[in-house]
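Colleague: I want to learn how to read a model like this one. Please take me through it feature by feature.

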Amino acid sequence: MANTETSLKEAAAIEGTIGAALVDYTSGMALGTIGGGNELDLTVAAACNTDVVRAKVRAMELLGLKDEIEDILITLGGQYHLIRLIKARGANGLFLYLALDKSRANLAMARHQLKKIEADLEV
Amino acid sequence: MRRALRMRAERRQLVTAEAEVLGELRRLRARLPQLTGALAASADGLVLAHDTVDGEAETVAALTAAALGVGQRLTDSTGQGRFRELLVRGETGYVATYAAGASAVLTLLAEPRINVGRLHLEARRSSALIGELVDGALERKDLN
C-alpha cells in the first residue's frame with residue numbers, strides 16, 4: 001500500500017514523465033501533483049481533464065454501456081497523456097494523470113507501471 | 001455631503017463600465033454552463049452588473065459585501081495578506097466570491113456538480129478582467 005505522495009513519486013520515476021497528478025473528478029481539484037514545471041500547469045490540467053473524464057462517463061451512460069473506464073490515452077504530437085481511474089477501496093471519483101514525453105517514454109511500460117501504482121494506492 | 005457627492009459620481013462612473021462587465025459575465029456563463037448566476041458588485045454592496053440572479057441581485061450583492069468584510073478581516077488578522085476569494089458550499093450548490101481589482105467583487109452561483117477546479121480557473125481570469133474594467137472606469141473619473 002502506498003499513500004498519495006509515494007504514488008506520485010513512483011509516477012514521476014516512470015521513464016519520460018513530465019508531470020503527474022492525483023485528481024478528484026467530483027470537484028476537479030488535484031489532491032497532489034508532481035513535476036510539470038513551467039511546461040505544464042498541473043492544476044489547469046487537473047481541472048480540464050476532469051471534463052474529459054466526465055464526458056466519457058456521460059457518453060457511456062448514454063450509450064447504455066454498463067462498464068467502467070480503465071484508462072484514457074491521449075496522443076499529442078510530442079506527448080502522451082494517460083488518465084487512469086482509481087478503483088481502490090474508499091477512493092471513489094479519483095484519477096491519476098500522467099504526462100509523458102513521447103520521445104523518451106515507452107508507452108506500454110508506462111501504462112503497465114501506472115496500473116501497478118494505481119493498484120497499490122491507498123488514499 | 002461632499003462624500004455623498006463623490007460616491008454618487010463614482011457610482012455613475014461604475015455604471016459606464018456596466019455593459020462591458022455584463023458582457024464578461026455572459027461569456028463566463030457560456031464557458032461554465034453549470035453556473036446558475038453571476039454578479040459583479042462594488043465592495044460596498046452595490047450591484048454593477050448581473051446575469052440571472054433574478055430579483056435577488058441586490059440581496060446577494062449586499063450579503064457579498066458583508067461576507068467580504070469578514071473575509072478581509074480573516075485574511076488580515078491571520079497574516080494571509082489581502083482578500084482573494086471565498087467559496088461556500090451549500091447542500092444544493094456553491095457560492096463563490098472573487099476579488100476584482102481594488103473596489104469590486106465577482107460573485108458566482110453554481111450547481112453542486114460543477115468542476116470547482118475549472119470554476120476557479122475561469123473565475124480568477126474573469127475577476128481580473130472585471131477588476132481592470134472597474135478600476136479603469138474609476139481612473140477615468142479621476143482624470144476628468
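Modeller: Start with contact, which means heavy atoms within 4.5 Å. Leaving aside neighbours within four places in sequence, L106(B) is in contact with L25(B), L28(B), L39(B), A96(B), T97(B), Y98(B), A100(B), A123(B), S126(B), S127(B) and I130(B).

Colleague: What should I know about the model and its numbering?

Modeller: This is a predicted model: local features need pLDDT of at least 70, side-chain atom pairs count only at pLDDT 80 or more, and totals for chains, interfaces and linings use all residues. Residues are numbered from 1 along each chain as its sequence is written, chains are lettered from A and ligands numbered from 1 in the order in which they are written, and side-chain values use heavy atoms, with hydrogens and water left out.

Colleague: Which residues touch the most other members of the largest nonpolar core?

Modeller: Two terms come first. Buried means under 20% relative accessible area, exposed over 50%, and partly exposed in between (1.4 Å probe, protein chains only). A nonpolar core is a set of buried Ala, Val, Leu, Ile, Met, Phe, Trp, Tyr and Cys residues joined through side-chain atoms within 4.5 Å. Here the largest core has 26 residues, and V21(B), L25(B), L35(B), L106(B), L108(B), L119(B) and I130(B) touch the most other members.

Colleague: Which elements give two or more residues to this core?

Modeller: Helices (H or I, at least four residues) and strands (E, at least two) are DSSP runs, numbered from the N terminus. In chain B the contributors are α2 (18-31), β1 (35-42), β2 (47-51), β4 (93-100), β5 (104-110) and α4 (116-143). α4(B) gives the most, with six residues. Another core lies apart from this one; it has 19 residues, including A11(A), L82(A), A91(A) and A105(A).

Colleague: What is the strand order of the open sheet in chain A?

Modeller: Two strands pair if DSSP finds at least two bridges between them. The five strands run in the order β2-β1-β5-β4-β3, with antiparallel pairing. β2 (29-35) and β3 (71-75) of chain A each have a single partner strand, so one side of each is left without a neighbour in the sheet.

Colleague: How do I read the angles?

Modeller: Axes are lines fitted to C-alpha atoms, for helices over the stretch in contact, and angles run from 0 to 180 degrees between N-to-C directions. For neighbouring strands of this sheet, the average turn is 15°, direction ignored. Helix α2 (residues 42-63) of chain A packs on the sheet and makes about 115° with β5(A). Helix α3 (residues 107-120) of chain A lies across β3, β4 and β5 of chain A, at about 25° to β4(A).

Colleague: Which residue stands opposite A30(A)?

Modeller: V23(A) does. Strand β1 (residues 17-24) of chain A pairs with β2(A) over six bridges. A30(A) also has A46(A) and L22(A) among its contacts. At 28% relative accessibility, A30(A) counts as partly exposed.

Colleague: And the other edge strand?

Modeller: Five bridges join β3(A) to β4(A). A hairpin through three residues connects β3(A) and β4(A). D71(A) stands opposite R84(A).

Colleague: How should I read a salt bridge?

Modeller: Side chains of opposite charge can pair when their charged atoms come close. The cut-off is a side-chain nitrogen of Lys or Arg within 4 Å of a carboxyl oxygen of Asp or Glu.

Colleague: Is E24(B) buried or exposed?

Modeller: Buried, at 4% relative accessibility. E24(B) forms a salt bridge with R31(B), the closest N and O atoms being 3.3 Å apart. R31(B) is partly exposed, at 33%.

Colleague: How much area do chain B and chain A bury between them?

Modeller: Buried area is the accessible area (1.4 Å probe) that two parts lose on being put together, summed over both. Here the value is about 680 Å², 53% of it on carbon and sulfur atoms. Nine residues of chain B are in contact with ten residues of chain A. N115(B), R118(B) and L121(B) supply 56% of the area that chain B buries against chain A.

Colleague: How many salt bridges are there between chain B and chain A?

Modeller: The count is one. D51(A) meets R118(B) (2.4 Å, N to O).
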